[in-house]
Amino acid sequence: MRKLFLLLPVFLICLEAWSQSVPEGYQRAQVLLNSRSYWDALNSFKEFTSVEKYGNLANYASFHAGEAAIGANQPAQAIEFLQPLVSRNWKGSQDAEYLLATAYFQNNQALEALRAIAKIEDPALQEKAQDLSFEYLSKSSPNFLISNLKEFENQSAYKAALGTVLKSKTVLSSEEKALYYEMQGIGANASSGQLKDDVLDIVVILPFTDTGNGQISPSSFTYELFQGIRFAVNKMKREGANVNLSTFDSQRDMNHLRSVLQEPAVAKADVILGPIYPDESDLVSAFAENAKIPFVHPLSNLGERFVGKQYSYLFRPSAQNLVEGIIKNLKGKAWGNRVAIGYSGSSRDEKMAALLNERLTQEGFQIVDSQRLDPRNAATFLTDLGVRPGKDSVNLDVDQVIFLTDDPSIAQPTLALIESVTTILPILVMDSWLGFNFANYEMLEFPNFYFISNNSPALDKEAMTSFKSEFYGRNLAFPTMNAILGRELVYWVSENLKPTFGFDLRRSLDQQVFEPGKLTWGFNFQNSNSNQYVPVFTIETGELKPLLNQ
């Protein structure tokens, strides 16, 4: 039993002075209550709770009956005694409100308890009520506390309990992470009280190493990405730009990443690039939303976790953007309404396949096949559609085929089959197929491969030629696709985070529908947290050309 009665005012424990004599049975009930004989006290006080019969004495009897019921672990009875008291013009109504909140908590009616606490105006009682609230709420579930935060955010104990509950959890959802940072004050108003200088402060957080071996691999995709980022920043400095780069290793360790987010350089950042993996990016996104610092995921197409966020971005198109780009191009070319879809088991490709099935059907297309692919069934996927040697591959039961995969082990048998047949069947693939060393699209009899842009590099741009030459001169190797994306990412950031816009990324992005890229074909982030510019390319005389005029 909590030390509840030690908190109550003395006048409610002692014998009250009445204009009438106090009945002997009431006095006996008080003695039973003070001796903690709660059941006997409860039954004894019941006799005196009629206002018509006992007047003001009934108020005290109901109050003490509520005390006894709580002591006897009968909160429902306590609520029955106390509810009428809080609405009466009685000098102990505030104490009754506090006791009623206790009964509600004990009866697992936390919302009612919190609403009762909100009605307590006496400062001393309110302070005790907050202690009581924290004791109960710190044992509540995060879901309850988060879902009701808006109603009770002005109660200090509520927010303190939420912070305690979130801190005790080993695994947090994205929303819980954001609230945890808010409770801890990490990142909140990071730049408050500071005048923003004209230096573009870029923070990179990438998993260069892991806790297993602690080694950095120069061939890892994260290091390649960083090479492009570092190249771009150093070039900006040589050209006189005010830019600063701070780099941190997440180590694939969430506890270490939390400590990184408390670094002063992170607090003053204008933008955070990376990390990569979902658990890490969710954590940094939650921090960024609280700190109001733009966070950009460099490589992912899965943007649903950032829906509704104001400071979290994908540099690449989201799965939804890619699907809408495909549909726009299919409608623009009008090859027919019969579509087959093959996809890998990656999260992005399964997501896109589901979206395409839904959206194409809405747009009047017919899905003749939709199949998950692997290296064993990639070729048979096409042969089952009638694309096979020795058969007329013009009059087929499908008008276009879409491959949603970056897997070369799926692409290779597909290309081998197409090279052995004669077909004009349009085949849409991801732009990653352009980089496969076994692919030679110019050798095909018909240019029937089309490439879905995913921040596609513009290989024939003068800026790309210059970048390759400079990169090779500094690294003795040509840049990989990840290095190209890293360099382009910094270009995009520098073009949109400028002192003229107050380093406000959202404001800058919303100013323009289309923004040309330096090494890629371009961007459209207007009213979006991912790149909406998704052309589909064809190859003409060795050059990529957009299938439609965008």
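Leucine 200 faces valine 243 in β2. This pair belongs to the contact between strand β1 (residues 200-206) and β2, where seven bridges link the two in parallel. The model is a predicted one, in which local features need pLDDT of at least 70 and side-chain atom pairs count only at pLDDT 80 or more, while totals for chains, interfaces and linings use all residues. Residues are numbered from 1 along each chain as its sequence is written, and side-chain values use heavy atoms, with hydrogens and water left out. Strands (E, at least two residues) and helices (H or I, at least four residues) are DSSP runs numbered from the N terminus, and two strands pair if DSSP finds at least two bridges between them.

The sheet is open, with five strands in the order β2-β1-β3-β4-β5 and parallel pairing. Neighbouring strands are turned by 25° against each other on average, direction ignored. Axes here are lines fitted to C-alpha atoms, for helices over the stretch in contact, and angles run from 0 to 180 degrees between N-to-C directions.

Helix α13 (residues 221-238) lies across β1, β2 and β3 (271-273), at about 160° to β2. Helix α22 (residues 481-496) packs on the sheet and touches β1, β3 and β4 (295-297), with its direction at about 170° to that of β3. Contact means heavy atoms within 4.5 Å.

## The seven-stranded sheet

A second open sheet has seven strands in the order β7-β6-β8-β9-β10-β11-β12, and its pairing is mixed. The edge strands are β7 (366-372) and β12 (543-546), each pairing on one side only. From one strand to the next, the twist averages 25°. Helix α17 (residues 319-333) lies across β8 (400-404), β9, β10 and β11 (536-540), running at about 165° to β8.

Strands β9 (residues 427-430) and β10 (residues 449-452) pair in the parallel sense over four bridges, and valine 429 stands opposite phenylalanine 451 in β10. β10 and β11 run antiparallel and are joined by two bridges; the partner of phenylalanine 451 in β11 is phenylalanine 537. Phenylalanine 537 in turn has proline 546 of β12 as a bridge partner. Four bridges join β11 to β12, again antiparallel. These two strands form a hairpin with two residues between them, and threonine 541 in the turn has a positive phi of about 45°. Four of the five residues of β11 are buried, so this strand is largely enclosed by the rest of the structure. Buried means under 20% relative accessible area, exposed over 50%, and partly exposed in between (1.4 Å probe, protein chains only).

## Helix α2 and the chain as a whole

Helix α2 (residues 38-46) has Tyr38, Ala41, Leu42, Ser44 and Phe45 as its buried residues. Their cover includes α1 (24-34), α4 (56-71) and α5 (75-86).

The protein chain contains 23 helices and twelve strands. Of its 550 residues, 52% count as buried. Among contacts between residues at least 6 apart in sequence, 63% join residues at least 24 apart.

## The largest pocket

The largest pocket has a volume of about 940 Å³. Its lining comprises 34 residues, of which Arg316, Asp406, Ser432, Asn454 and Met481 lie nearest the centre. α18 (347-362) and α22 each supply at least two lining residues, and the largest share, three residues, comes from α18.

A pocket is an open set of points on a 1 Å grid over the protein atoms alone, where a 1.4 Å probe fits, with protein on both sides within 12 Å along at least five of seven lines; lining residues have an atom within 4 Å of a point. Grid points are joined across faces, edges and corners, and a volume is the space filled by probe spheres set on the points.

## Backbone exceptions

Most residues other than glycine have a negative phi, and most peptide bonds are trans. The bond from glycine 274 to proline 275 is cis, with omega near 10°; proline 275 is in the loop between β3 and α16 (278-291).

Asparagine 108, in the loop between α6 (93-106) and α7 (110-118), has a positive phi near 60°. Asparagine 108 is exposed, with a relative accessible area of 73%. Lysine 292 also has a positive phi near 60° and is found in the loop between α16 and β4. The relative accessible area of lysine 292 is 52%, which counts as exposed.
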